[in-house]
Amino acid sequence: MADKQISLPAKLINGGIAGLIGVSCVFPIDLAKTRLQNQQNGSRLYTSMSDCLIKTIRSEGYFGMYRGSAVNLTLVTPEKAIKLAANDFFRQYLSKDGQKLTLIKEMLAGCGAGTCQVIVTTPMEMLKIQLQDAGRIEAQRKLMPETAVPGTVPTKSPTAMQLTRELLKEKGIAGLYKGLGATLLRDVPFSIIYFPLFANLNNLGKRGAEGPAPFYVSFLAGCLAGSTAAVAVNPVDVIKTRIQSMNRGSTEETYSGVTDCISKIMKNEGPSAFLKGAYCRALVIAPLFGIAQVVYFFGVGEYILGFLPGN
């Protein structure tokens, strides 16, 4: 984050705006990532990101690429707001008299931010994955009937509210937090890598010792740091996606937890399976965090607050 002091409400607005813009731009790629990560040996429907998007448009129409986007657009505001604001809070808490943070303290601040965000991230991802993957399951049933679960009939894809009610009714609040451990294992290391890397890359472009970096430096630093962190934690993202997916084909494995998932993927698909969707994830995260840094740079949140009564 930029070193300038920003009020908490402004941080929350900045994070929300950045999340909304970023998700709107890259959601189809995120859908392709989820479907590529979820397909297992013997039920491979898509060969690449472009193949996935083309087949999605043909079978589900243009808006099929945005399945689950309503969940993301609704919850990405608090999720990104918590993540970015928490990192700033922990950085300020760990700094002494405005001195530059050591790398260890930068990593601790990122760890705190990643831990805080899973409160929103886990249920958001749980719902989003079911909606995104519904089209893959339906396409498999039509194009690869041997993978369909015997006795099942095509059903209309549920809405996010229907899924929420079903999960709460059957499993309580724990149903929405399925995969919490895997989400922590992904988001905490991501933040530990991303925030220190961004801060140091951004410092390289500063104008003088005290001046801020130009906005394009913040954008590029956000993109590079985001894509690096995304690829680094992609194996855990594959595990999280597999664990959170509720519907599968008859030939696809089910998983009881993180260690069971790792064991079965290694046995049935090999280590390369942990890199499924890595380039898609990099393409999603890079602009998402690059946009976030630009929104922070221009102080959009403070600008909006300036128009509110009492400011």
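Biologist: How many of the 11 residues of helix H9 (residues 234-244) are buried?

Modeller: Of those 11 residues in H9, 10 are buried, so the helix is largely enclosed by the rest of the structure. Buried means under 20% relative accessible area, exposed over 50%, and partly exposed in between, with a 1.4 Å probe and protein chains only. Helices (H or I, at least four residues) and strands (E, at least two) are DSSP runs numbered from the N terminus. The model is predicted: local features need pLDDT of at least 70 and side-chain atom pairs count only at pLDDT 80 or more, whereas totals for chains, interfaces and linings use all residues. Residues are numbered from 1 along each chain as its sequence is written, and side-chain values use heavy atoms, with hydrogens and water left out.

Biologist: Which residues of H9 are buried?

Modeller: They are Asn234, Val236, Asp237, Val238, Ile239, Lys240, Thr241, Arg242, Ile243 and Gln244.

Biologist: What is the relative accessibility of asparagine 234, and what does that residue contact?

Modeller: Asparagine 234 has 0% relative accessibility and therefore counts as buried. Contact means heavy atoms within 4.5 Å. Beyond its neighbours within four places in sequence, asparagine 234 is in contact with Gln37, Phe274, Leu275, Lys276, Gly277, Ala278 and Arg281. A polar atom of its side chain lies 3.1 Å from the backbone oxygen of lysine 276.

Biologist: Where is lysine 276 found? Which residues does lysine 276 touch?

Modeller: Lysine 276 is in the loop between helix H10 (258-268) and H11. With 13% relative accessibility, this lysine counts as buried. Not counting residues up to four places away in sequence, lysine 276 touches Leu36, Gln37, Gln39, Gln40, Arg44, Asn234, Val238, Arg242 and Glu269.

Biologist: Turning to the core, how many residues does the largest nonpolar core have?

Modeller: It has 36 residues, and those with the most contacts inside it are Tyr46, Met49, Phe190, Tyr194, Ile285 and Phe289. Helices H1 (8-38), H2 (49-60), H3 (69-94), H4 (103-143), H7 (180-204), H8 (215-232) and H11 (278-298) each supply at least two residues of this core. The largest share, 9 residues, comes from H11. Apart from this core lies another, of 9 residues, among them Val238, Tyr255, Cys261 and Ala273. A nonpolar core here is a set of buried Ala, Val, Leu, Ile, Met, Phe, Trp, Tyr and Cys residues joined through side-chain atoms within 4.5 Å.

Biologist: And isoleucine 285, what is in contact with that residue?

Modeller: Leaving aside neighbours within four places in sequence, isoleucine 285 contacts Phe190, Gly226, Ser227 and Ala230.

Biologist: Is proline 287 buried or partly exposed?

Modeller: Proline 287, in helix H11, is partly exposed because its relative accessible area is 22%. Setting aside neighbours within four places in sequence, proline 287 is in contact with Val26, Cys223 and Ala282. Its C-alpha atom is separated by 9.3 Å from that of valine 23, 264 residues apart along the chain.

Biologist: Where does UniProt place the feature "transmembrane region"?

Modeller: The unreviewed UniProt entry places that feature at residues 215-236 and 282-305. Residues 215-236 are 95% helix and 0% strand, with the end C-alpha atoms 32 Å apart.

Biologist: Finally, how many helices and strands are in the chain?

Modeller: The chain has 12 helices and 0 strands. Buried residues make up 51% of its 311 residues.

Notes: A polar contact is a pair of N or O atoms within 3.5 Å; within protein, one must be able to donate a hydrogen and the other to accept it, and residues adjacent in sequence count only if both atoms are side-chain atoms. UniProt positions are given in the numbering used here, feature names are shortened, and annotations may be inferred rather than shown by experiment.
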